[in-house]
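Dear colleague,

A summary of the findings comes after it.

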Amino acid sequence: MIVDSAPAFDVRDYLRLEMMPHFLCPGCGHGIALRALLWAIHELGIDKDKLAVVSGIGCAGRLSAYIDANTFHVTHGRPLAYATGLALARPDLHVVVITGDGDCLAIGGNHLIHACRRNLKLTCLMLNNEVYGMTGGQVSPTTSESRLTTTTPLGNSEPNFDACALAAAAGASFVGREVTHHVPKLKELIRAGLEHPGFAFVEVLSDCTEIFGRKNELGSSAEMVLRQKSELRPSAYRDTVDTPFRSNDLPTGILTKTERPEYGMAYRKAAAAQRANTAARASAGVNERKA
Amino acid sequence: MNAADKALSPKAAVHLISGNHACALGAIAAGCRFFAGYPITPSSEVAERLSRMLPEVGGVFVQMEDEIASIAAVIGASMGGVKALTATSGPGFSLKQENIGYAAGAEIPCVIVNVMRGGPSTGMPTRPAQGDIMQARWGSHGDYPIIALAPASVREIYDETIRAFDLAETYRTPVVLLYDQVIAQLTETVDLGDTEGLMRAERKWASGPREAYQPYASGDDGIPAMSRPGAGYRVHTTGLNHAENGFPTQNPEAVARNLGRLLAKFDRHHDTIDSWQTLSCDDAEVLIVAIGISARAAARALDIARARGVRAGLFRPITLWPFPEKALREAAAKARAVLVPEMNAGQLSLEVERILGGKRVDAIHRYNGDPITPAEIAQRAEALAKEKK
């Protein structure tokens with residue numbers, strides 16, 4: 001366990017209390033994920049003034065409004081693209097993206113795979129509740145097979161994404177998954193993601209009890225949280241090719257962690273070298289058009 | 001000025017450059033330090049130039065995964081306080097529209113270059129058109145204000161790029177720089193030495209205590225001060241309709257008040273936003289209204305027409321949106337005929353008809369990729385002059 005000298009964590013220090021009550025449904029896992037994020041931020045001593053949270057559209061996207069930081073609630077599917085611009089323009093900021101399974105994997109899927117490839121320092125927290133909750137409960141790219149949603153009245157017959165396998169295959173240098181059942185472990189994973197010097201993809205399996213749970217008769221929120229424990233295997237990560245597309249057979253913890261050059265730093269280094277070269281040529285009297 | 005700036009300085013000499021090159025130079029001169037884009041003909045040279053120039057001045061260039069990501073990254077950079085640009089053409093401009101609406105609604109300054117090519121859809125990538133006049137104004141959903149500038153020469157692209165940034169920063173708005181493929185890839189000799197008169201506006205930044213700061217409250221000018229992340233204000237920015245405090249609201253009064261301010265944002269700033277050129281309008285019996293390459297042809301057509309005894313004049317909006325209505329009305333006051341040559345099936349002519357209410361407006365509509373020639377315009381002006389006598 002990590003021992004910290006930081007003062008005790010009080011979630012209220014990181015929330016915009018004037019925004020309470022929040023709008024999440026009773027039993028929703030997103031509040032747990034938010035608390036874990038803020039806890040990790042507290043432990044790392046990240047300055048709220050230097051913290052930028054960019055979120056997309058959907059239930060997960062609304063969380064940024066509750067965080068006492070520089071918060072940007074942008075368009076559907078695009079928070080990673082906005083965050084890329086923000087982080088490149090302002091490397092002094094700590095940029096965190098909060099997104100959902102629909103926002104990140106469906107409409108925003110292209111930005112996810114390229115963010116993984118680019119390896120700009122960003123922490124992407126994808127809250128996966130298997131459903132489009134904000135719009136009333138439609139099927140999402142992570143909805144398990146045979147589940148009922150408002151647009152799969154016959155049961156979902158599409159295979160779902162293993163988001164972590166996707167991120168790892170796209171080159172993400174940090175990939176992890178945790179469940180809202182294990183709050184300290186979730187906090188530890190997010191903390192590791194925040195500390196990672198590159199793009200960190202963290203999937204949080206979060207329950208939508210009110211819409212998805214009710215429709216599929218999954219029981220109370222407590223029963224749904226317990227199901228996370230019984231159905232998920234915290235096994236070691238296996239080869240992507242062999243990972244079945246089934247959300248009830250997903251490994252948790254840090255699944256990928258590799259060292260790759262961070263994009264922003266690599267760009268700034270190359271730019272500095274170019275400037276030095278230009279300056280050297282100018283002082284040597286080389287008359288060369290640069291543009 | 002350091003060595004890198006000096007190497008890029010446009011003041012050094014007379015240049016033989018293309019319109020897209022002039023745009024890149026203008027962006028650097030305006031203080032643009034971030035570009036995100038996606039390759040598309042005929043605007044790619046703007047990106048290519050800036051990929052070399054931005055690192056020289058400590059800026060950032062990034063080629064994004066698609067058109068939507070490009071405008072999103074530009075808005076993200078601007079939310080961080082950095083002047084930012086993207087450049088595209090028709091199909092890409094269509095893809096960017098949702099996020100342009102976000103920038104308009106959340107009042108994030110940014111500049112979008114749209115080099116107009118043939119449409120619809122993939123259209124004619126290497127042929128000119130002027131078919132995005134209405135898309136520049138109305139492309140995103142809902143009601144929002146926007147500024148669009150329509151330069152007609154390489155030098156004017158340089159000037160208007162700088163002015164685009166100045167207007168974007170001053171009025172916290174996306175600004176569209178709209179020019180056609182001919183002007184974009186035309187190579188002209190330009191003297192960039194005389195640029196002292198051009199503005200260099202900076203954003204109005206929040207000051208004072210955090211408790212007193214309302215991110216969307218404004219004074220009489222209607223323009224709220226923006227806060228820079230890291231300055232301690234920790235505000236919320238959203239595409240949802242919001243109140244003065246920046247947080248989402250569905251309260252009808254708050255929405256009417258804040259959206260109302262947004263929609264009226266440019267109304268009291270026409271003196272600085274409006275821009276146009278008139279040629280021989282004082283005694284004109286036939287007034288030609290045109291932009292871009294069509295206006296260049298029209299300027300030549302004036303000489304041809306006047307040599308034949310037809311008193312033709314040209315009104316060329318440089319600020320296309322908001323349209324310089326008052327100036328057009330004044331220029332058209334004495335004209336007995338109005339002619340709008342444009343490379344589309346009828347867009348500028350609709351706006352001219354609306355502004356001149358009741359006055360007959362004739363047009364030359366061309367959408368086959370061929371620019372409209374001076375002779376065609378002169379001939380039509382002559383016919384209109386005779387018809388009206």
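Predicted model: local features only at pLDDT ≥ 70, side-chain atom pairs only at ≥ 80, totals over all residues.

Residues are numbered from 1 along each chain as its sequence is written, and chains are lettered from A and ligands numbered from 1 in the order in which they are written.

Chain B as a whole

Chain B contains 14 helices and 16 strands; these are DSSP runs numbered from the N terminus, helices being H or I with at least four residues and strands E with at least two. Its radius of gyration is 21 Å, in agreement with the value near 21 Å for a compact globule of 389 residues (taken over C-alpha atoms; the globule rule is 2.2 Å times the number of residues to the power 0.38). Along the principal axes, the C-alpha atoms of chain B fill a box of roughly 70 × 55 × 40 Å. Of the 389 residues of chain B, 58% are buried (20 or more other C-beta atoms within 10 Å of a residue's own; exposed means 12 or fewer, partly exposed in between, with C-beta atoms placed from the backbone). Among the contacts in chain B with a separation of 6 or more, 74% join residues 24 or more positions apart (a contact requires C-beta atoms, placed from the backbone, within 7 Å).

The sheet of chain B

Five strands of chain B form an open sheet of mixed pairing in the order 11-13-12-15-16; strands pair if DSSP finds at least two bridges between them. Strand 11 (276–279) and strand 16 of chain B are the edges, and because each has a single partner strand, one side of each is left without a neighbour in the sheet. Neighbouring strands of this sheet are turned by 20° against each other on average, direction ignored. Strand 12 (residues 286–289) and strand 15 (residues 337–342) of chain B pair in the parallel sense over 3 bridges, with B:V286 opposite B:A337.

Helix 13 (residues 348–355) of chain B packs on the sheet, where it touches strand 12, strand 15 and strand 16 of chain B, at about 155° to strand 15 of chain B (axes are lines fitted to C-alpha atoms, for helices over the stretch in contact, and angles run from 0 to 180 degrees between N-to-C directions).

An exposed loop residue

B:D370 lies in the loop between strand 16 (361–365) and helix 14 (374–388) of chain B. Why does B:D370 count as exposed? B:D370 is exposed because it has 10 other C-beta atoms within 10 Å. B:D370 and B:G118 are 252 residues apart in sequence, yet 9.9 Å apart in space, C-alpha to C-alpha.

The sheet shared by both chains

Another open sheet has 8 strands in the order 9(A)-7(A)-8(A)-4(A)-3(A)-1(A)-2(A)-10(B), again with mixed pairing. Strand 9 (253–257) of chain A and strand 10 (236–238) of chain B are its edge strands, each pairing on one side only. The twist averages 15° from one strand to the next. Strand 7 (residues 174–179) and strand 8 (residues 199–205) of chain A pair in the parallel sense over 6 bridges, and A:R177 stands opposite A:E203.

Domains of chain A

Chain A is divided into domain 1 (11–260) and domain 2 (261–291), with bounds from an automatic or database domain assignment. The C-alpha centres of these two domains of chain A lie 39 Å apart.

With kind regards

Methods: Contact = placed C-beta atoms within 7 Å.
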